[in-house]
Amino acid sequence: MLTKITITLFLSITCFMAGQPISVEPATTHDSPLTTHQSPVTNHRKTNSGLAYLKGARASGRLSKIAGTDSIDVSIRFVREPSESILSELEDRGVGFYRMDGEILHVGRIYGARISWAALPALEESEAVERIESCWHPKVVSPLDVSGPEIQADQVWNLSARPPALTGQGVRIAMFDTGVDVFHPTFWRADGEPVHWMDKNDNARFDNGVDGVDTDGDGVFDLDEVLRFWDTEIVDHHYQFSPIPGVFEADLDWLYNDRNRNGRRDFGPEAGFTGSDPTFGEPMYGIVDGNGNNALDPGEKLIPLHTCKIVASLENNGIERRGGGLLYDRGDGVNHGTCSCGIAAGGASLGRRLVGIAPGAELLVANRANLSPEWYIPWARKLGADIMVYEFGTWLFEFMDGSSNLEQMIAALAREGIVQLTASGNLAGPKRKKHCRTEVPAGGSRSIRINIPRDIGVRQIYLTALWILGKWESEKVRDTPSLVFRMISPSGKIMHLAGTGEPTKTDDVEAFSQYEVSSRGTSKMDIVLYRENGADGVWTLVAENRGESDQRMDGFVTDDVTDWVDGAQFLDFVTDDGTVTWPGTADEAITVAAYDPRGTRNTKGAINDFSGWGKRIDGAPLVDLAAPGSIVYTAQSHYVGKKTLGGYGPFEGTSSALPHVAGAAALLLQADPTLTHDGVRRALTEGALRDAFTGPVPNDRWGYGKLRILDALSKTGFASNTPPLILATTLLPDTDDERHSYEVTACVQDADSVAQAALFFSSDSVHFEEVPMQPHHGITQKPTENLRDIPCCSVVNFPLGPLFFRAAIPARTLGTKVWYYVRAVDPKGAVSTDPPGAPKRTFSFTVVEGHPLFECVSSVVEGKADGSDRGAAWGDYDGDGFPDLFVVREGGPDRLYHNEGNGAFAEVAEKLGVANEGRGHWAAWGDYDLDGDPDLFVVRDGQTNLLYRNDGTRFVAGSWGCEGFPWRRGRMAVWGDYDGDGFPDLYVVNTGQTNSLYRNLGDGHFEDVSSASGTDDRGRGTAAAWCDFDLDGDLDLYVVNDGGPNVL
């Protein structure tokens, strides 16, 4: 009997840094010291082909953008969870693990790191390391309003007769894409206080630029209250819309307050707006179109856009933006992430025509370009992502059998309950021809022609061959591939591809090949061909089978110029069966195909011809369901081309289908917060539509059918009853109890009232005790100390006021850590928890002395007698919730004490790069770059002052403009945003010399404006303080001088 073996071939190029921290299948081996290790399987290599290729490029002198750098981003899979000593030793050898808030980022056994090339041997030689994968791939691309009703989204929004409706409220979607246009109005909630518009000329209709908006509520038209609209630009090559230029259409156009009356809407820092300005520009409004005539009529109110749906962004340079810091986000220069975010969560339910599937959801957006997944995936996880969306795909340098670090990370996060969504990719269809399949007979060979078009500039070709051997045969050929390859150039030159990972050259063609076997037994040969003068022409790949059985071969090809379409194509054995791209090949991913709901590309209702389909190389089914993929109209980024702000346009591909499912998952999670990844998958697949196009399901094209959200909801048992919404949970020590008990208060709202609430707490995070919470009627407003912020709650108009419940956590000994969460249930049985996802996610605190008595604990932070202490400053540099202590010293190294959270401190100054020896006098914490991490300024007497930038891993000292904060006889410094641009500025007090005011320019640099601002006081300065004492909105400054007049 013949054993069939699958081979997959890929060709492609493009630079991408991808490294994923992932929790993987448990290994049975034990932690090992960093000693040389020889794998028992010769070709189960520790490093992947990407690293081998880049090393070869460095050796040959043909340096790519990535290979030419001094460092490389990698994904490291350890044999088991590494110990602190192993991590520390690797860091000492030049392995820089990614960190966030001081914590090394990882998921299970997989860690991300930036390493020097010199540090790579340390990883390769370590017995503790199982696998090292380059985060660079030759080619990674993005899988590029009828759709809402098509999948029943509008019916779901209106399910509940009383609010809150199902809009994805309280659910966080993490989009791993190309960034987002934060200025687009679709990403702002219409949740401001309603205002009236003023019919200045009393003609009972809205006149653009004539009428006004009563922003101050005095009923008088002021010059800065002009109301305008701008025509929303819709790129519409398919003639789906018929906007009327110059006429306000409430469901498409945007209203704004033209404060400076210049006839256009101004926004952004360049126009003088700050992070505290809603929409980061001139105010914008939606309307309550009471009579449904799509116009603005007298008496209809305006609803200001106020709260941003984007909770945080992670730029492709690693800078995180939150809150007002989003004003300085780099945006979306590709116009892909904005489109996908718009489909998932854009718009507001104010009668607008273009609304995302879950407009009430929150967004976490990472620009994946040049970032390792080991960085952005744990980032989203720490910020509470409920859903993760992988808007990219590749078919090169991967086994595509579920064994890669990213695939295993996706599987692990799915097991944690976080919904994992991937696309099937756009590799099918008549314009692609990038996949082939053929049988290579035992003892024979097969030739496959590849055409590279002329005049498009292709110079590089990449190939990956995958095949699976029969069990009896695999051990015999694991060290030597059963398939061997050679390439014949267009001129007839033959290149033998040995698979050793060493670059070779035949005439003018450079070749690279590496053979390896995955942990799941998949064989792979990666091949790269490079010809400086162009690779056009017909190449022939010859696969020779030296095994004892026929072997099936799948092939994929592309080039360094094109992406999904045209370019390099196979001329023989072309098929679309088997075109699902990585990471849609992960074990637990919900993989989404695309179909045409409009009939603009394919038959209306049919699968899109580009949508990838087929089984995985090991025969596992991949596609779960299909969603609208062409043509879908969504938000467009104004950063690209000449697009105007707030515009819309067409978007297609599995890139379009994927955010439909993300929005659907958000609606499901709001309806039933107890659903996990498996629960969402079950609801989506069981509720999918089967029709004449899908045929019998499940199958390899459609999975279980077409996305239908209402039907999916019915599979969860949801019956038009939304769960309670826990607006806030507060924790306060019980001051009447000397035994250190704590009181928890929950503020809960529901359309039907709340049947009961319960408090769950634990001292080990595993075994929770339950205590009923008692209604408390003495509170008239929400608690002020919110442990979880739900900004969207203000738009919900509940018929019943908030209900408050209280319960106590019994006394615990000092230093005990306690985990807790709250659960509320309404009369119909709908359940909600705070935080969502409990008990997997909980709040926590450490029991401390809560009474107005002090205990001397100075021994925990006593320093060495090698200098004089001059000053101290508290700041939570690692974001763990516990304030840390920096001590400035003269004549000895400065000290940084990390608060361990249990009453103890650890000295970490040298490790984190702040153990400076000098004449220190003062220190001040301030997040000058708005990346969420507090930075540190150290004032020195007679020496250059120091500004340490907190990059989340360690502190980096730099000049940062102003010629390095020139030395003076410094005494103290204080941060304050004196010009209201959102960036903290710095005032430095000196003695006997002029004081200095440094204006934060927002780009990492400072400008000395002491003289221009009139703050260059010269005296014996000792201190200063910012305060808006006259309440005019600007910070004022008070300077204290020793022996001289103080200055205000």
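These legends accompany close-up views of a predicted model.

**View 1. The whole chain, for orientation.** The protein chain holds 14 helices and 60 strands. Of its 1048 residues, 58% are buried. The chain exposes about 40,100 Å². Carbon and sulfur atoms supply 50% of that area. The count of salt bridges comes to 40.

**View 2. Helix 6 packs against helix 10.** Two packed helices are described by the angle between their axes and the distance between the axes. Helix 6 spans residues 337-345, and helix 10 spans residues 654-671. Their axes are 7 Å apart, at an angle of about 35°. The crossing is right-handed. Helix 6 contributes Ser340, Ile343 and Ala344 to the contact. Helix 10 meets them with Ser655, Ser656, Pro659, His660, Ala662 and Gly663. An α-helix has 3.6 residues a turn, so residues three or four places apart point the same way.

View 3. Helix 7 covers residues 373-382. Eight of its ten residues are buried, so helix 7 is largely enclosed by the rest of the structure. The buried residues are Pro373, Glu374, Trp375, Tyr376, Ile377, Pro378, Trp379 and Ala380. Asparagine 370 sits in the loop between strand 20 (362-367) and helix 7. Its phi is positive, near 70°, although the residue is not glycine. Asparagine 370 is partly exposed, at 35% relative accessibility. Just after helix 7, glycine 384 also takes a positive phi, of about 85°.

**View 4. A salt bridge between lysine 382 and glutamate 103.** The two side chains meet at 3.1 Å, N to O. Lysine 382 is partly exposed, with 37% relative accessibility. Glutamate 103 is partly exposed as well, at 42%.

**View 5. A buried salt bridge between glutamate 315 and arginine 321.** The N to O distance is 3.0 Å. Glutamate 315 has a relative accessible area of 2%, so it counts as buried. Arginine 321 is buried too, at 7%.

**View 6. A salt-bridge network around glutamate 516.** Glutamate 516 pairs with lysine 524 at 2.9 Å, N to O. Both residues are buried. Through shared partners, salt bridges join Arg131, Glu133, Glu516, Lys524 and Asp526 into one network.

**View 7. Asparagine 257 and its surroundings.** Asparagine 257 lies in strand 14, which runs over residues 254-257. Its relative accessible area is 0%, so asparagine 257 is buried. Apart from residues up to four places away in sequence, it touches Val213, Thr215, Asp224, Glu225, Val226, Glu282, Pro283 and Tyr285. Tyrosine 285 is 28 residues from asparagine 257 in sequence. Their C-alpha atoms are 8.4 Å apart in space.

**View 8. Threonine 279, with a positive phi.** Most residues other than glycine have a negative phi, and most peptide bonds are trans. Threonine 279 has a phi near 65°, a positive value. The residue is found in the loop between strand 14 and strand 15 (284-287). With 1% relative accessibility, threonine 279 is buried.

**View 9. Threonine 581 in a buried loop position.** Threonine 581 is found between strand 33 (569-570) and strand 34 (590-595). Its relative accessibility is 1%, so threonine 581 counts as buried. Leaving aside neighbours within four places in sequence, it contacts Gly393, Thr394, Trp395, Met400, Ala423, Ser424, Gly425, Leu427 and Trp564.

**View 10. Two cis peptide bonds.** Isoleucine 631 is in the loop between strand 35 (623-628) and strand 36 (632-635). Another joins valine 697 and proline 698, with omega about 0°. Proline 698 is in the loop between helix 11 (677-686) and helix 12 (709-715).

**View 11. A nonpolar patch on the surface.** Phe1029, Tyr1038 and Leu1048 form the patch. Together they have about 350 Å² of accessible area. Phenylalanine 1029 lies in the loop between strand 59 (1018-1027) and strand 60 (1036-1041). Its relative accessible area is 51%, so phenylalanine 1029 counts as exposed.

Notes:
Residues are numbered from 1 along each chain as its sequence is written. This is a predicted model: local features need pLDDT of at least 70, side-chain atom pairs count only at pLDDT 80 or more; totals for chains, interfaces and linings use all residues. Side-chain values use heavy atoms; hydrogens and water are left out. Patches are made of residues with over 30% relative accessible area and no salt bridge: like charges are joined within 9 Å, nonpolar side chains (Val, Leu, Ile, Met, Phe, Trp, Tyr) within 5 Å. Accessible areas come from the Shrake-Rupley method with a 1.4 Å probe; for residues, only the protein chains shown count as cover. A salt bridge is a side-chain nitrogen of Lys or Arg within 4 Å of a carboxyl oxygen of Asp or Glu. Helices (H or I, at least four residues) and strands (E, at least two) are DSSP runs, numbered from the N terminus. Buried means under 20% relative accessible area, exposed over 50%, partly exposed in between (1.4 Å probe, protein chains only). Axes are lines fitted to C-alpha atoms, for helices over the stretch in contact, and angles run from 0 to 180 degrees between N-to-C directions. A crossing is left-handed if the near helix is turned anticlockwise from the far one by less than a right angle, and right-handed if clockwise. Contact means heavy atoms within 4.5 Å.
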